[in-house]
Every structure is written in C-alpha cells, then in structure tokens.
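I opened my notebook to look at one model, entry by entry. Come along and check each note against the picture.

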Amino acid sequence: MLDIKFIKENPDLIREGARKKLINFNVDDLLAVEEKRLAILLSVESLRAEQNRASDEVAKGIDPAARELLVSEMKLLKEQLKIKEDELKEIMSSWQSLMLQVPNVPDMTVPDGLSDEDNEEVKKWGKIPEFSFVPKNHIDLMQQNGMVDFERGVKVAGFRGYFLKGDGALLSFAVWQYAQKFFLSKGFTPIIAPSLVRREVFLGTGYIPQGEEDLYKTQDGDFLAGTAEVGVMGYHMDEVLNKEEFPKKYLGFSPCFRREAGSHGKDTKGLIRVHEFYKWEQVILCEASHEESVKLHEWLNRNTEEFIESLGIPYHTVANCGGDLGLGQVKKYDIELWVPGENKYREISSASYFHDFQTRRLNIKYKDSEGKLRFAHSLNSTAIPTPRILVSIVENFQNVDGSITVPEALRPFFGKDTINNINS
RNA sequence: GGAUGGGUGGCUGAGUGGUCUAAAGCACUAGUCUUGAAAACUAGCAUACCGCAAGGUAUCGUGAGUUCGAAUCUCACCCCAUCCGCCA
C-alpha cells in the first residue's frame, strides 16, 4: 500500500510504474474516488460537528422547551447524517479496494520487459563445467545414489511429492548447517518462523489478495506460508521499533508451501519445483531511506552470491524486468545457478526491497530523529532453499561413474568427500 | 471441544450514557538546580484526515445497532489469557 498523498502528488509515477510492471491499474479511477471521498467526508464531518455542538448544549442543561426543540432538530439531522454516512461507507469500500491494488513504483534501474525472459544479466560467475561424458540430470543421479524417492513421494504426498533419504537427507542438513554458519557470520539473528500464519499477515506482506490462489488454506482460514518472510515480517506487526536497533536483520528458517497454481506442466519432474520445501530467508527492517534500502538490497543479494561462490557453483545474477516484479517490489535480483542437465541457469534466490509498501500494511513503525512516527522499510532475500540447491550441487559435481564430489565447504558438515552409493 | 475473564495512547492502567477535552503512573523531550550526572521540581508529550488559518472530524479490538448524545448499553465477529479435556 502507498500513501494516498504520494499517489495524489505523483499520479504519473504510478501510471508509469503500473505500465512497467504490466499491472492493470488505472490511477485516475482512484483519484476520482478520492475526490469524491473527500467531498462526502466534508459533509459528514460538518453534520457531525453540528450534532456535537447540540449535544454539548443538551448536556450543559438548558430549559426544557429549548431542549425539546433541539432534540427534535437533531433527530432530523440524524437522518441526513445516516444518508451521508452510508454514502461514505460505500465510497470507502471501493477506495480501500483500489488502494490495495496500487502497485509500488519500480526503481528507475529496473529494465523494461514482459517476463522473466527479459530479465537483464548483471553478473556472471564461475566456469560452466565441461564434462567428458554425457552428464546426468539430478533425478537420475540422486535416484542412483539412493538420495531421493519420487515414486513413494508421489504415493504418499501426491503430485510433486518426494522423499529425501540417505545422503540426500544428509546433504540437505549439511547445506542448512553450513548456510546457518555462513549467514550468521554476517550479523543476522536466527529465527525459526511459523509457516501456519493468519490471513492478516499475508495481507500485510502483499501475498493477499493478489496471490491467494498459490497458497494452501486451512479449514480455520489460516494459510501456509511459501516463505519465512511472511512469519518474520509478522513478528513486528503493529509495533513501534527502536531505530537504534536498525537495521534489524533476521535469518528466518521455515518449511515453505506453494500450490504452484499457475505452473501446471512446468518442471513436473525432479526437485526444481515442489509443493513443500525448506528455506533460510534473509529479512531486514531498516529506516525509511531509499539509499539505505538500496544499500541493504545490494548487500543481501551479495550475501547469497558469496554463499554460492563458496560452494563453487557457476551462476549469474539478473535484474528482474518490470513485468517480472510483484505488486509491492521496487526492485528485484534473481540469482540463477547453472543446471547442466537442462543446459541453463535456474533460479535459486530472489532479493527484493519494498520501501514502506509492506510495513504500511503491517503497521510497523519507528520514531525518527525528529520524534515523528514513520513506517520502516523492508527487504528480503533468499539465503538458500533446499532441496532445489541439491539439483545444482549434484549435477555440477557429478563424476563419470555417477558419483558426486561434495563441495569442499560442505564437507565438514556432511562428513564425506564423495557420494558414491551406486553399487550399494 | 467445554467454562470463565479480558482487549483503552509508546508501555502500565483508571474510567458503567453528557465538562472524556480519556485520570494517574512509567517512558520520552525541554527547562530549573548541579562542576557534571542522578534525584527533585516545572513544563510539554497519542495518531490520522480536512483546512491558508482559526478550527473541525475520527480513532478506546472490528462491524452493526439503541440514543439527541456511546470507551460506557445491545448483538455478531476477531483476538488474548486462565482452567478443564485431548495431545508431540
């Protein structure tokens, strides 16, 4: 949600932002509703003022005849007021629904484009491995090494179901533990966040109403979060934070659930796209400064790049184009890792900042140096998800015999140099 | 699932139909005093919207209702706490 004042002063920015993000939103509709809202508000308020004045008279004690006259006048006024209040209620409900749809303004540096195909590569790292043999995909590699069981996964969990087992399970734990150590050294507070979260928090983070169909919903009306960002952002909902603690940096861990409602037929095999996974997520709340948001956004993304570099996996980073940005995002970077089995880069991480889009909805404030309450800024970025990261690990480090060399950084946590269960 | 009690400003918390313009305390800000600090004292101190301003309006969990007038009464819903039951 944006500030209505900002919208009124900068309708062109909103218009241009919506165009860039390919979001169908007509700012003129909102401005017309706003104008009407203020006019009705004015008449409601003046009627109420009159009512309050009369009410004071009655309370002070006037002679019975005057009192009776006043009361009967107020009865009439009450009817007028009721009509105006109903008008106000009606206009407010369309106002609010429009306000929830206003897209945040993308940064100038966001490239134009329609879809993820138009994202702009801003960095490329690592040497794409050249195999002297035909490389296998992660499905074959992991099945052969007893790391995953898709058949039973589907039997138990349905479409996109999987079990990680043996070295697959152990490799996951190794990734989490290494990531924990790596990211905590950057000064984050680790936090294990709930995935089962109330509707309110999803509204606040901007996943609802627009993205509701991609969420699992419980019979109690709660939803399952697709990222720890939701729970961690909810942590400070309705709070006034101490700005001395800024930036507040959380490393959140949670199971993640996604219906993948719009992804039928995409990545139907393997571990790239699953309904249930786990993720370490970086979340930051900071003071309301564009420069600070930009600085921290770069930092967050760089953290994940460094982590990937430490594993030795080739990647590139893209600046997401306007059409690939969510409603609330100002700018986003995706990091994509090399997947030899598909001969292309696949997304592993996504780093975005929102200015006060989320905090305004979540009511997360702080007192600035002038003592004025302001909405904080928020940012988040994937630290590392499992099992998707396993795809790139096993495919990039596979050997001719189907064994997998464990990246050096993971060995202390995994306990072995090689995964080789092919003949066992 | 059953029972009971609650939801008031940054925090604690008083307030059962009209000077509520929401008490009081804490915290915070400024000042006095002090070498400096603390303490004490004095003053200030919720947010949003409309308005050039004077000022006006709203907000006591949310929504609806009763009333000339609602933090206060009624109804529905949401949330929290405690006890009982069940449970890793």
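Which residue in S12 is the bridge partner of Thr 317? I looked it up, and Ile 335 is the partner in S12.

**Entry 1: ground rules**

I noted that this is a predicted model, in which local features need pLDDT of at least 70, side-chain atom pairs count only at pLDDT 80 or more, and totals for chains, interfaces and linings use all residues. Residues are numbered from 1 along each chain as its sequence is written, while chains are lettered from A and ligands numbered from 1 in the order in which they are written.

**Entry 2: chain A as a whole**

I found 13 helices and 18 strands in chain A; these are DSSP runs numbered from the N terminus, with at least four residues (H or I) for helices and at least two (E) for strands. Along the principal axes, the C-alpha atoms of chain A fill a box of roughly 105 × 45 × 40 Å. Of the 424 residues in chain A, 39% are buried. A residue counts as buried if 20 or more other C-beta atoms, placed from the backbone, lie within 10 Å of its own, as exposed if 12 or fewer do, and as partly exposed in between.

**Entry 3: the sheet of eight strands**

I traced an open sheet of eight strands in the order S1-S11-S12-S13-S16-S10-S9-S4, with mixed pairing. Two strands pair if DSSP finds at least two bridges between them. The edge strands are S1 (120-125) and S4 (189-192), each pairing on one side only. From one strand to the next, the twist averages 25 degrees. Going back to my opening pair, I saw that S11 (residues 315-319) and S12 (residues 331-339) run antiparallel and are joined by five bridges.

**Entry 4: the sheet of three strands**

I also found an open sheet with the order S8-S14-S15 and mixed pairing. S8 and S15 stand at its edges with a single partner strand each, so one side of each has no neighbour in the sheet. Here the twist averages 40 degrees from one strand to the next. S8 (residues 239-241) runs parallel to S14 (residues 364-367), with three bridges between them, and Leu 241 stands opposite Tyr 366 in S14. S14 and S15 (residues 373-375) are antiparallel, also over three bridges; there Lys 367 stands opposite Leu 373.

**Entry 5: two helices**

How are H3 and H4 packed? H3 (residues 27-60) and H4 (residues 64-101) pack at an angle of about 155 degrees, and their axes are 8 Å apart. That makes the two helices roughly antiparallel, because angles over 145 degrees count that way, with under 35 roughly parallel, 65 to 115 roughly perpendicular and the rest oblique. Angles run from 0 to 180 degrees between N-to-C directions, and axes are lines fitted to C-alpha atoms, for helices over the stretch in contact.

**Entry 6: beside the RNA**

I counted 19 residues around RNA strand B, the closest being Ala 49, Asn 52, Val 58, Ala 59 and Met 74; a residue is near if its C-beta atom, placed from the backbone, lies within 6 Å. H3 and H4 are the elements that give two or more residues to this surface. The largest share, eleven residues, comes from H3.

**Entry 7: one asparagine**

Is Asn 145 buried or exposed? Asn 145 is buried, because 22 other C-beta atoms lie within 10 Å. I placed Asn 145 in the loop between H5 (138-144) and S2 (148-149). Asn 145 and Asp 220 are 75 residues apart in sequence and 41 Å apart in space, C-alpha to C-alpha.
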